[in-house]
Amino acid sequence: MNTVPSPKKKKNRKEWISIVKRYQNSDNWHSTRQILNSVVPFLLITVLMYFSLRVSYWLTLALAIPNAGFIARIFIIQHDCGHQSFFKSKRANDIVGSIFGVITITPYYLWRRNHAIHHASSGDLDSRGIGDVYTMTVEEYHKLTPWNKFKYRFYRHPITLFIIGPIAIFFISHRFPLNTKKTEKQERRSVHLTNLALAIIIAGFSFLIGPKDFFLITLPSYFLAFSFGVYLFYVQHQFENTYWRRKQEWDYFQAAIKGASFFKLPKIMQWFSGNIGFHHIHHLSPKIPNYLLEKAHYENTIFQEANTLTFFSSLKSVTLKLWDEQRKKLISFKEYRKYYLAA
């Protein structure tokens, strides 16, 4: 049975709903400019990377760094399209999202479905498993066999999360319609059409410049982009004072403000990441386009209650692995041993 919201929660809910409506206004011209200043540099740098192969592969790898930033920015545009917040037209959002899904090797409709589940259940301990980084409670972990504890520790290891994980997700699992029903035809079709488009692109450019040069150019940029993206997503939900509650206690506003961080990045990183560091605002209202998130944050004090992370403070998040329901915070394995295994 659901608990009755407190008067403060009711007031907060009423206040934030009226505020976010003011920012749920996509600007087609602004969105078009964002496409141009993301895609054009991405294409130009990719061409430069091809010619740099004749000079030095170190130069190619250096160019892969800004190109990874543009891939991340293109992903954010696709992300906004999935939320129907980038353009006023649903059709325009879906067309651009599908095209950019090919650039980011991410099936648009399948990703959109999984991401919607993430938004609907973020911070809900009883709805984990789709579109999130799986997090166990202390009690759940404590009951595991040694082998299953090892598997969970391996899954939560930084090498798995930020190196193996991005490869497994974007290069492998996105090639299959996993966790879809036969009735979800649009999502399944999205996977197959994305794979077909990628096969045509790879075959075409392999014929023009050779498969070796093609992969020497593309793989470093994409790997860096996906690792950066996974890290962003991870730390914006996996910090010490994040929010996890059982379904009967779960509250949408609290899950957004307390369970999604304000990741205060340097301006250049904020630009490349499409303002996704204002993640608490995004979780409050996915209908706000990325270019209005910063404005919404700084114009409204109610949104500034979020946990603020910087790049250096975010590094602690990598050590946090288990949700402690007693202390209402994420803890490390070291803290788990201290609190629960000490004699």
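Start with helix 8, which supplies the largest share of the lining of the largest pocket, eight residues. Helices here are DSSP runs of H or I, at least four residues, numbered from the N terminus. A pocket is an open set of points on a 1 Å grid over the protein atoms alone, where a 1.4 Å probe fits, with protein on both sides within 12 Å along at least five of seven lines; lining residues have an atom within 4 Å of a point.

Helix 8 spans 158-172, and helix 3 (57-82), helix 5 (108-121) and helix 10 (211-235) also each bring at least two residues to that lining. Of the 40 lining residues, Gly131, Ile169, Phe170, His174 and Phe233 sit closest to the pocket's centre. By class, the lining has 24 nonpolar, 14 polar and two charged residues (Ala, Val, Leu, Ile, Met, Phe, Trp, Tyr, Cys and Pro count as nonpolar, Asp, Glu, Lys and Arg as charged, the others, Gly among them, as polar).

Now for the second largest pocket: helix 10 gives the most to its lining, with seven residues. That lining divides into 18 nonpolar, four polar and one charged.

How far can you trust all this? This is a predicted model, where local features need pLDDT of at least 70, side-chain atom pairs count only at pLDDT 80 or more, and totals for chains, interfaces and linings use all residues. Residues are numbered from 1 along each chain as its sequence is written, and side-chain values use heavy atoms, with hydrogens and water left out. The mean pLDDT (the predictor's confidence in each residue, from 0 to 100) is 93, and 96% of residues reach 70 or more.
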